[in-house]
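Please look over the sequence and the structure shown here before reading on. The questions that follow take up a few of its features in turn.

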Amino acid sequence: MAGKHVLHLQCGTGQATAELVALGALVTATDLSNEAIEAARLRAPDVAYVHADVQALPIELRRARFDLVYAGGGILENLDDAAAWARGIVSALRPEGELLFHDHHPLSWSIDDSLHWRGDYFGAETPPGLGRLVTGVIEAGLVVQALEEFPSSTLYPWLHQTPHVPREFLLIAGKP
C-alpha cells in the first residue's frame, strides 16, 4: 500500500482513513458531512479531505489518478444510482486501478434479527441489491475480480450473527 494513491469514499470520522495512512497510502477522503470530515481531520491530519457526494464526485476527483478506490460501510444504504456511482469510480481510477467495496449486505435491510422478512429486498426503500450493484459496476467498465458474502458483521457488530444469512459483502473490481 506504500505510495499508492487511495480515494476513500464516505470516510466518516476517519478510522479506516487513518489505517490507510498507517499502511503508507497517500489518501484523499470524501464525506458529505462537514462534522465527519472535521473529526477525520483530527484523526488523520495528513489527508486531503473533500466534501463530496459519492454518487456525484467533483471533477477534481475524476481525473484517473487513483490506484485504489476504497468504499467502506454505510455507502450502500444511501446509494440511489449504482451505475452513476460506478461511473464516478471509473473516472477516478487510473488504468489497472481497483475498487475495494466492503459494506453490509443489502439483504440485511429486509430481515430482522429473528430472520423474519420486514421488507422487500427489491423494494424502493431498500439499498440496491447485489445484482443491481454488480451490473452497475460492470456497465461502468470495471471488471469484477471477486464478490464474497460473509455471515457475520464486523462493520455492524450489533447485527444478529447467523451462519444462514449474509451480513456483509466484499466486491473487488479492476479498471482495465
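Predicted model: local features only at pLDDT ≥ 70, side-chain atom pairs only at ≥ 80, totals over all residues.

Q: How are the rings of Phe101 and Phe169 arranged?
A: A pair of aromatic rings is described by the distance of the centres and the angle of the planes. Phe101 lies in strand β5 and Phe169 in strand β7, 68 residues apart, so that the pair links distant parts of the chain. The ring centres of Phe101 and Phe169 are 5.2 Å apart and their planes stand at 85°, and because planes over 60 degrees apart are given that name, the arrangement is edge-to-face.

Q: How many aromatic pairs are found in the whole structure, and which residues form one aromatic cluster?
A: A search of the whole structure finds 2 aromatic pairs. In one of them, the rings of Trp85 and Phe101 have centres 4.9 Å apart and planes at 50°, so this pair is tilted; it joins helix α3, which holds Trp85, to strand β5, which holds Phe101, across 16 residues. Trp85 is buried, at 0% relative accessibility. The residues that form one aromatic cluster are Trp85, Phe101 and Phe169.

Q: Why are the buried residues of helix α4 placed on the same side of α4?
A: Helix α4 spans residues 130-139, and its buried residues are Leu130, Leu133, Val134, Gly136 and Val137. The face turned away from this buried side carries the exposed residues Arg132 and Glu139.

Q: Which elements do the buried residues of α4 pack against?
A: The buried residues in question are Leu130, Leu133, Val134, Gly136 and Val137, and contact here means heavy atoms within 4.5 Å. The elements that they pack against are α3 (82-92), β5 (93-104), β6 (143-150) and β7 (168-174).

Q: Which element gives the largest share of the lining of the largest pocket?
A: The largest pocket holds about 370 Å³ of space, and it is lined by 18 residues, with His8, Cys11, Gln15, Ala16 and Gly73 lying nearest its centre. The elements that give two or more residues to this lining are β1 (5-9) and α1 (15-22). By class, the lining has 7 nonpolar, 8 polar and 3 charged residues. The largest share, 4 residues, comes from α1.

Technical notes: Residues numbered from 1 in each chain as written. Heavy atoms only, no water. Buried < 20%, exposed > 50% of the residue type's maximum accessible area, 1.4 Å probe, protein only. 1 Å grid on protein atoms, 1.4 Å probe; cavity = no way out; pocket = protein on both sides within 12 Å on 5 of 7 lines; lining within 4 Å. Points joined across faces, edges and corners; volume = space filled by probe spheres on them. Nonpolar A, V, L, I, M, F, W, Y, C, P; charged D, E, K, R; others polar. Phe/Tyr/Trp six-rings, centres within 6.5 Å; stacked < 30°, edge-to-face > 60°.
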